[in-house]
Amino acid sequence: MIGDIKETKECQRKDPMDLFHSGQVVKICAPMVRYSKLAFRTLVRKYSCDLCYTPMIVAADFVRSAKARDSEFTTNKGDHPLIVQFAAKEAQVLCDAARIICPFADGIDLNCGCPQRWAISEGYGACLINKPELVKDMVRHVRSQIDNPKFSISIKIRIHEDLKRTVDLCQKAEAAGVSWITVHGRSIEERHQPVHYDAIKVIKQSMSIPIVANGDIKTLKDAENVHHLTEADGVMVARGLLANPAMFAGYEETPFQCIQDWVDIALEHGTPFTCFHHHLMYMMEHITSKQEKKVFNVLSSTSAVLDYLNDHYGV
């Protein structure tokens, strides 16, 4: 729906780097497959989220197909600042995607962190942390081909077992003109092991650009602790925001007003039922009993969900 927003694009543009110069920790909603779409971004922005990412989009498909562009990317005039995350392995393809998206977003992010097998086998995601020259080349190409100096180019990475390699990658990206780097503090092999916040701190101390910490942040207190441990300029949250979209506003669990807001926003945006329902299942995880979950999680229509919420919670 890129065509729908042309009239409003110029007045809404923002410089994401202004957030990092504000003196406050930047609170960021992570790129999440299926979940960090426009309706959810609209919700978390109501609850003190500073910066939102789209789900990862394969740049080659985005460039090649108008159908892919319309299904993968929607935005509106309130959806700023916005970063579009791309999976790419060729500099020119990433540049072409960046040029298409530039009028409608505030920056792009190159995914160098996705550990899924399909991504790595295609040459995308986390395998790029082992190709620092390619990452540098991609960043440099985007920098040289996008005219707007306020348009950011960032990367999201995982760490190496040998941290010197990660620092080298980050310094090469910085030299090529990357705006900031988000560090998920685990290696490609690690899934649920503890996050290496000490590694993020080493990277932060080795760089002069902003660093964003990512991994296992579930509450505002966690975010403050991670900021303290890593000295990072921002914190990026995925599952914590799914479970509680109001966490950045300081709520310990999802308030009912937030559930009401999600219902209103999702219906207004025409959110598909499965997505609408899944978000509610995440949000209500800690406020429903096991018995209630058994009933709620198998509801199969929007009207059934709305009736349930009205009958049980007055939403």
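Trainee: Which domains supply the lining of the second largest pocket?

Mentor: Domain 1 (16-249) and domain 2 (256-313) each give at least three residues to that lining, with bounds from an automatic or database domain assignment. This is a predicted model, where local features need pLDDT of at least 70 and side-chain atom pairs count only at pLDDT 80 or more, while totals for chains, interfaces and linings use all residues. Residues are numbered from 1 along each chain as its sequence is written, and side-chain values use heavy atoms, without hydrogens and water.

Trainee: What makes a residue part of that lining, and how many are there?

Mentor: A pocket is an open set of points on a 1 Å grid where a 1.4 Å probe fits, with protein on both sides within 12 Å along at least five of seven lines, and a lining residue has an atom within 4 Å of a point. For the second largest pocket 22 residues qualify, and K37, L38, A39, T74 and P272 lie nearest its centre. Helices α3 (38-46), α5 (66-72), α13 (256-269) and α14 (273-283) each give two or more; α3 gives the most, 4 residues. Its volume is about 360 Å³.

Trainee: How is the lining of the largest pocket divided by residue class?

Mentor: It has 14 nonpolar, 9 polar and 8 charged residues. Asp, Glu, Lys and Arg count as charged, Ala, Val, Leu, Ile, Met, Phe, Trp, Tyr, Cys and Pro as nonpolar, and the others, Gly among them, as polar. In the second largest pocket the division is 10 nonpolar, 7 polar and 5 charged.

Trainee: What else describes the largest pocket?

Mentor: Its volume is about 890 Å³, and P31, M32, R158, A238 and R239 lie nearest the centre among its 31 lining residues. Strands β6 (152-158) and β9 (234-237) and helix α12 (239-243) each supply at least two of the lining residues; α12 has the largest share, 3 residues.

Trainee: Which residues of α14 are called buried?

Mentor: C275, F276, H277, H279, L280 and M283. Buried means under 20% relative accessible area, exposed over 50%, and partly exposed in between (1.4 Å probe, protein chains only). These α14 residues pack against α3, α12, α13, α15 (290-296) and α16 (302-313), where contact means heavy atoms within 4.5 Å.

Trainee: D307 lies in helix α16. Why is D307 called partly exposed?

Mentor: Because its relative accessible area is 48%, D307 is classed as partly exposed. D307 and K221, 86 residues apart in sequence, are 35 Å apart in space, C-alpha to C-alpha.

Terms used: Points joined across faces, edges and corners; volume = space filled by probe spheres on them.
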